[in-house]
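Thank you all for coming; I would like to take a few minutes to walk through one model with you. Please have a look at the sequence and the structure first, and then we will go through some of the details together.

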Amino acid sequence: LEGHIRNVWSVTFAPDGATLATGSSDGTIKLWDVANGNELMTLRGHGLGVRSVAFGPHGETLASGSEDGTVKLWSVTSGEELRSFRGHYESVNPVAFAPDGDTVVSGSYDNTIRLWAVASGEQLRTLTGHSYVMSVAFSPDGATLASGSVDNTVKLWNVASGEELRTLLGHTDDVLSVAFSP
């Protein structure tokens, strides 16, 4: 697929597998038709590069995290920016939706993880304890959050309380990706 004019930093499939989203250092997000490779639309609104993109569980919304410190929520059908979450003061690296789609999580170079209410835009809580946060993932039931960082650790968090449950040690370098088994 060709279309971005700079590096692509994030790629994700919609839940139905029919659409692909890409986030680029050119500050744009592109949506692609997987069957034919055609570009469906370009989403513009971030002031700097887009570090991460994530579809909501029903594929109707897309979250994006940017070097401009914002998280944005987009309509996949219209391309409209639905909401902008502000609170980070450094680059936002990972974004992810909770399995129920009601919460978006973001991690940042500001050493925080923030949980956001999709419906209201309210910041629900801030989790601290890492250096630069590079990856986040919700457990399949949405009760636990995993995060990875350049501090070489993985942390597990209780989503409801914000309590740090455990720190997993043993990595000798940055933890750039975390995931739960389904």
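Which residue in E15 does Ser147 stand opposite? It is Lys155, and I will come back to the strands around that pair in a moment. Before that, please keep in mind that this is a predicted model, in which local features need pLDDT of at least 70 and side-chain atom pairs count only at pLDDT 80 or more, while totals for chains, interfaces and linings use all residues. Residues are numbered from 1 along each chain as its sequence is written, and side-chain values use heavy atoms, with hydrogens and water left out.

Strands here are DSSP runs of E with at least two residues, numbered from the N terminus, and two of them pair if DSSP finds at least two bridges between them. E14 and strand E15, residues 154–158, are joined by five bridges in the antiparallel sense. They belong to an open sheet of four strands, ordered E13-E14-E15-E16, with antiparallel pairing. At its edges stand E13 and strand E16 (164–168), each with a single partner strand, so one side of each is left without a neighbour in the sheet. From one strand to the next the twist averages 20 degrees, where the axes are lines fitted to C-alpha atoms and angles run from 0 to 180 degrees between N-to-C directions.

The loop between strand E13 (133–138) and strand E14 (144–149) contains Ser139. Ser139 has a relative accessible area of 5% and is therefore buried, a word that stands for under 20%, with exposed meaning over 50% and partly exposed in between, using a 1.4 Å probe and protein chains only. Its side chain makes a polar contact of 2.6 Å with the side chain of Asp141; such a contact is a pair of N or O atoms within 3.5 Å, where within protein one must be able to donate a hydrogen and the other to accept it, and residues adjacent in sequence count only if both atoms are side-chain atoms. Leaving aside residues up to four places away in sequence, Ser139 touches Pro99, Thr144 and Phe180, contact being heavy atoms within 4.5 Å.

The next sheet is also open, with four strands in the order E5-E6-E7-E8 and antiparallel pairing. Its edge strands are strand E5 (50–55) and E8, each of which pairs on one side only. Strand E7, residues 70–75, and E8 pair in the antiparallel sense over five bridges, and Thr70 stands opposite Arg86 in E8.

Trp74 is found in strand E7 and is buried, with a relative accessible area of 2%. Its side chain makes a polar contact of 2.8 Å with the side chain of Ser64, and these two residues are ten apart in sequence and 8.1 Å apart in space, C-alpha to C-alpha.

Finally, the aromatic rings: how many aromatic pairs does the structure hold? There are two, where rings of Phe, Tyr and Trp (its six-membered ring) pair if their centres lie within 6.5 Å, planes under 30 degrees apart counting as stacked, over 60 as edge-to-face and the rest as tilted. Phe85 and Trp116 form a tilted pair, 5.3 Å centre to centre with 35 degrees between the planes. This pair links distant parts of the chain, since Phe85 lies in strand E8 (residues 81–86) and Trp116 in strand E11 (residues 112–117), 31 residues apart. Phe85 counts as buried at 1% relative accessibility, and Trp116 is buried with a relative accessible area of 1%.
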